[in-house]
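Let's take a walk through this protein together, starting with one piece and then stepping back. Keep the model open beside you as you read.

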Amino acid sequence: MPSRILIVDDDADASEALALFLETVGFSARRESRPEDAAAAAVDCRAELVLSDVCMPTMSGLTLCRRLKADRRTASTAVVLYSGRRKGEIEQSEALEAGADDYILKPCAPALLAARLRAVLRRRQEQPKPVLKAAGLALDLDARLATAGGRPLSLTRKEFDLLAALLAKSGRVLGAPFLLETIWGYDSAVYKDAHTVEVHVSSLRRKLGQRHARRIVTVPGLGYRFDR
């Protein structure tokens, strides 16, 4: 079966040409011009990889990447961003921090593009099932199961994703803007209400119990840190 790719680009001509090329080299390609509809489209076509332009008027590819990774339906879908304008190292680093599997600069030779997409898909297939463990906590990211000291935890989807983010980056302070974009998929330039994060952290601490809750440290004015 050909690998299923969703192309997200507001430039209809460019995305059509890209889709035609990918289909000639063995991929199954679908196009979506509205990045805000990309998550639903990825689920609908069971995309294995989302290939998105970075610079789009209604939503950046970077924000789209964060939303896809925050949505449990598309969290395991590979995301590759491409851009002909945002070529700097900072932009590429931001994309990788947001969860992108690769960042491709345009123009890119078609054969090289296809090879890099295949490499991303191959790496995803070879990756072991991820389980995060720290200080008696264990999170099976694929099964969406969490335990504390062997005791099953009943977490909401956002609580699970919040704990996963803290464990994955343990020892680092995660600010509310980062968490709002990563977990909730909000654009931090538009939505900045840190209370949303505070409420979920408070609920998560209650469910973890005193022994494990104290490891989620509030850093005043900055955010939250998980201490192992």
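In helix α3, the buried residues are Gly 61, Leu 62, Thr 63, Leu 64, Cys 65, Arg 66, Leu 68 and Ala 70. "Buried" here means under 20% relative accessible area, while exposed means over 50% and partly exposed is in between, using a 1.4 Å probe and protein chains only. Helices (H or I, at least four residues) and strands (E, at least two) are DSSP runs, numbered from the N terminus.

A quick word on what you're looking at: this is a predicted model, where local features need pLDDT of at least 70, side-chain atom pairs count only at pLDDT 80 or more, and totals for chains, interfaces and linings use all residues. Residues are numbered from 1 along each chain as its sequence is written, and side-chain values use heavy atoms, with hydrogens and water left out.

Now move on to Asp 71, which sits in the loop between α3 and β4 (78-83). Is Asp 71 buried or exposed? Its relative accessibility is 14%, so Asp 71 counts as buried. Leaving aside residues up to four places away in sequence, Asp 71 touches Ala 39 and Arg 157; a contact means heavy atoms within 4.5 Å. Pro 152 is 81 residues from Asp 71 in sequence, and their C-alpha atoms are 22 Å apart in space.

Next, find strand β6, residues 131-134, where the side chains alternate. Strand β7 (residues 137-140) runs antiparallel to β6, and four bridges join the two. Two strands pair if DSSP finds at least two bridges between them. Ala 134 has Leu 137 in β7 as its bridge partner. Together β6 and β7 make a hairpin with two residues between them, and Ala 135 in the turn has a positive phi of about 50 degrees.

Time to zoom out. The protein has nine helices and 11 strands, and its C-alpha trace spans about 55 × 35 × 30 Å along the principal axes. Of its 228 residues, 45% count as buried. Among contacts with a separation of 6 or more, 56% come from residues 24 or more positions apart.
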